[in-house]
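Open the model in your viewer and keep the sequence panel beside it. The tour goes from one selection to the next and says what is there.

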Amino acid sequence: MTPLGPVGVGVVGAGNISTQYLQNLTSFPDLDVRFVADVDPERARAQAQAFGVPGCGSFAELLADDAIELVVNLTPPATHAEVVLAALDAGRHAWTEKPLAVRREDGAAIVARARATGRQVGCAPDTFLGPALQAARRLVDAGGIGRPLGALSVFQNGGPERWHPNPAFLFAVGAGPVFDLGPYYLTALVQLLGPVARVTATATRSQAERLVHQGPLAGTTFPVETPTHVQALLEFRGGTSAGAVFSFDSGLHRNQLEITGAEAVLEVPDPNQFTGDLRIHRVGGTMETVEVPPEQATRGIGVLDLARAIREGRPPRASAQLGFHVLDVMTSILESADSGAPVEIASSCDVPPPLEAGWDPKAATLA
């Protein structure tokens with residue numbers, strides 16, 4: 001491993017999301033994507049060839065390449081902890097798709113192992129590093145809506161079985177609307193309002209089975225193992241609060257995030273996206289739009305920030321500590337719904353600083 005130049009990257013998991021990751025990671029000059037691994041060798045080979053990646057094969061073969069410093073984990077959520085821990089034990093840094101793990105204790109093990117090995121771990125989502133949420137962060141920090149008082153977060157749709165060709169894993173334990181989409185909204189809320197102190201929640205499951213609508217499995221059913229409609233009250237350490245809805249049971253499709261301040265309400269674009277304009281609704285009825293330039297930002301910029309953090313000797317913005325706090329909050333939401341009582345959040349995290357002005361994913365800074 002070298003302390004200078006582009007960071008060598010190996011990608012584990014050649015499924016649907018890998019196409020977007022590989023398209024972006026191979027375009028960043030500060031990254032050198034060297035290997036694609038998958039349990040299906042043919043799938044790994046196809047993705048490696050499609051994006052000009054020189055190596056492909058098994059995870060063990062990936063770890064045998066000493067030039068790979070950073071493992072990007074795109075496997076299903078149930079294997080996130082296993083892959084990340086193996087990467088750390090092999091002396092690699094790691095980035096994982098959300099969530100950090102499906103169990104609180106596994107997430108804690110990742111944070112502890114990273115500290116013990118002196119390696120960095122980053123965790124999706126990285127949408128909060130996109131220009132829209134970065135603009136929102138700067139606006140709130142500058143007092144653009146006055147003192148924050150509270151927030152409203154709503155994610156609703158009819159469920160991913162209507163478009164995903166193999167959706168069963170999205171309804172398994174460790175998934176559902178809270179673990180699948182919740183990280184986008186909760187990460188955005190934490191970066192805008194700070195860490196969460198306590199949650200109170202209710203949850204239900206509308207169907208015991210769901211029907212696949214698209215692809216070769218269309219017409220088959222699968223079991224639903226986790227709540228599909230969840231409502232929560234989040235209380236933040238800074239004194240604000242937020243109401244949150246996460247639902248796969250709605251005839252309405254909504255992606256809503258609002259921050260209420262003493263002087264205005266900030267309407268934030270979809271936290272699952274990187275761009276979009278801000279809308280500020282002033283007390284008295286006036287509304288203004290803050291246009292956000294469509295900068296080059298998309299999935300994978302968290303990996304890039306992690307790579308630059310490795311070279312610069314600083315924590316990544318989308319850190320394991322942030323990912324673990326979000327995991328702790330999501331787990332606590334479901335525990336509160338199950339017990340009918342509030343749950344105190346034991347974890348906390350540092351709120352990452354905004355990106356520097358002029359931060360450019362396509363600029364070579366590590367050469």
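Select Phe248, which is buried at 1% relative accessibility; buried means under 20% relative accessible area, exposed over 50%, and partly exposed in between, with a 1.4 Å probe and protein chains only. This is a predicted model, in which local features need pLDDT of at least 70 and side-chain atom pairs count only at pLDDT 80 or more, while totals for chains, interfaces and linings use all residues. Residues are numbered from 1 along each chain as its sequence is written, and side-chain values use heavy atoms, with hydrogens and water left out.

Rings of Phe, Tyr and Trp (for Trp, the six-membered ring) pair if their centres lie within 6.5 Å; planes under 30 degrees apart count as stacked, over 60 as edge-to-face and the rest as tilted. By this rule there are four aromatic pairs.

Next, select Phe155 and Tyr185. How far apart are the ring centres of Phe155 and Tyr185? The distance is 6.1 Å, with 55° between the planes, and the pair is tilted. Phe155 is in strand E7 (residues 148-156) and Tyr185 in helix H8 (residues 182-193), so the pair ties together parts 30 residues apart in sequence. Helices (H or I, at least four residues) and strands (E, at least two) are DSSP runs, numbered from the N terminus. Phe155 is buried at 4%, and Tyr185 is buried at 0%. Return to Phe171 and Phe248: their ring centres are 5.4 Å apart and their planes at 55°, so this pair is tilted.

Move on to the charged side chains. A salt bridge is a side-chain nitrogen of Lys or Arg within 4 Å of a carboxyl oxygen of Asp or Glu, and the whole structure has 22 of them. Select Arg104 and Glu335, which form a salt bridge at 3.0 Å, N to O. Arg104 is in helix H5 (residues 104-117) and Glu335 in helix H10 (residues 320-339), 231 residues apart. Arg104 is partly exposed at 24%, as is Glu335 at 34%.

Last, select Asp305, Glu312, Arg314, Arg317 and Glu356, which salt bridges link in a network. Within the selection, the closest N and O atoms of Arg314 and Asp305 are 2.9 Å apart, and those of Glu356 and Arg317 are 3.3 Å apart. Arg317 is buried at 6%, whereas Glu356 is partly exposed at 43%.
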